[in-house]
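Subject: Structure handover

Hello,

Please find the structure below, followed by notes on what was found in it.

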Amino acid sequence: MAVGVLTDHVFAPHVLIFVGLIATTGCTALVLYDPQFSAIAAVAIGFSPGAEADSAGLLVAKYLGPESYGRVFGWQYTAFIIGVGIGPIFMGALYDVKWKI
């Protein structure tokens, strides 16, 4: 909800850049710091996909107009869902390769 309220009052791409920086900070914390920061990092990383997925419809409607909304958002959401489906498979394969070397 916070991202939705912010995009109503602030330039939406700037809000999403900030959300991306939060996720980047979470990933960096996982790599650089002790496991005590893992819960904070998980929240930071988990915040990003929800905010971006919810904001996608707003950005398509706002910048591309209602005449192309269904087609553009449909393709965008299709790519998002394919990525969600393939991501765990790819990470599992990457994990297997890492430990075989």
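The class of partly exposed lies between buried, under 20% relative accessible area, and exposed, over 50% (1.4 Å probe, protein chains only). Phe73 sits in helix α4, which covers residues 69–100. Leaving out residues up to four places away in sequence, Phe73 touches Ala56, Gly57 and Val60, where contact means heavy atoms within 4.5 Å. Phe73 and Gly4 are 69 residues apart in sequence, and their C-alpha atoms are 17 Å apart in space.

Before the rest, a note on the source. This is a predicted model, in which local features need pLDDT of at least 70 and side-chain atom pairs count only at pLDDT 80 or more, while totals for chains, interfaces and linings use all residues. Residues are numbered from 1 along each chain as its sequence is written, and side-chain values use heavy atoms, with hydrogens and water left out.

Overall picture

The protein has four helices and zero strands, in the order α-α-α-α along the sequence. Helices (H or I, at least four residues) and strands (E, at least two) are DSSP runs, numbered from the N terminus. The C-alpha trace spans about 50 × 25 × 15 Å along its principal axes. The radius of gyration is 17 Å, whereas a compact globule of 101 residues would have one near 13 Å; the radius is taken over C-alpha atoms, and the globule rule is 2.2 Å times the number of residues to the power 0.38. Of the 101 residues, 19% are buried. Among contacts with a separation of 6 or more, 40% are between residues 24 or more positions apart.

Helices α1 and α2

Helix α1 (residues 2–9) packs with helix α2 (residues 12–32) at an angle of about 145 degrees, and their axes are 8 Å apart. Axes are lines fitted to C-alpha atoms, for helices over the stretch in contact, and angles run from 0 to 180 degrees between N-to-C directions. Val3, Leu6 and Thr7 of α1 make the contact with Ala12, Val15, Leu16 and Val19 of α2. By type, the residues of this contact are six nonpolar, one polar and no charged. Here Ala, Val, Leu, Ile, Met, Phe, Trp, Tyr, Cys and Pro count as nonpolar, Asp, Glu, Lys and Arg as charged, and the others, Gly among them, as polar.

What is the reach of α2 from its first C-alpha to its last? With 21 residues, α2 reaches 30 Å, close to the 30 Å expected at 1.5 Å a residue; the expected span is 1.5 Å times one less than the number of residues. The buried residues of α2 are Ala12, Val15, Leu16, Val19, Ala23, Gly26 and Ala29. Seen down the axis of α2, these buried residues fall within an arc of 135 degrees, so they line one face of the helix; the arc is that of the directions from the helix axis to the C-beta atoms. They pack against α1 and α3 (38–64). The face of α2 turned away from the buried side carries Ile17, Phe18, Thr25, Val31 and Leu32, which are exposed.

Ser48 lies in helix α3 and counts as buried, at 6% relative accessibility. Not counting residues up to four places away in sequence, Ser48 touches Val19 and Ala23. Val43 is also found in α3, but is exposed, with a relative accessible area of 59%. Val43 and Ala23 are 20 residues apart in sequence and 8.7 Å apart in space, C-alpha to C-alpha.

Gly83 is found in helix α4 and counts as partly exposed, at 41% relative accessibility. Ten residues along the chain separate Gly83 and Ala93, and their C-alpha atoms are 15 Å apart.

Regards
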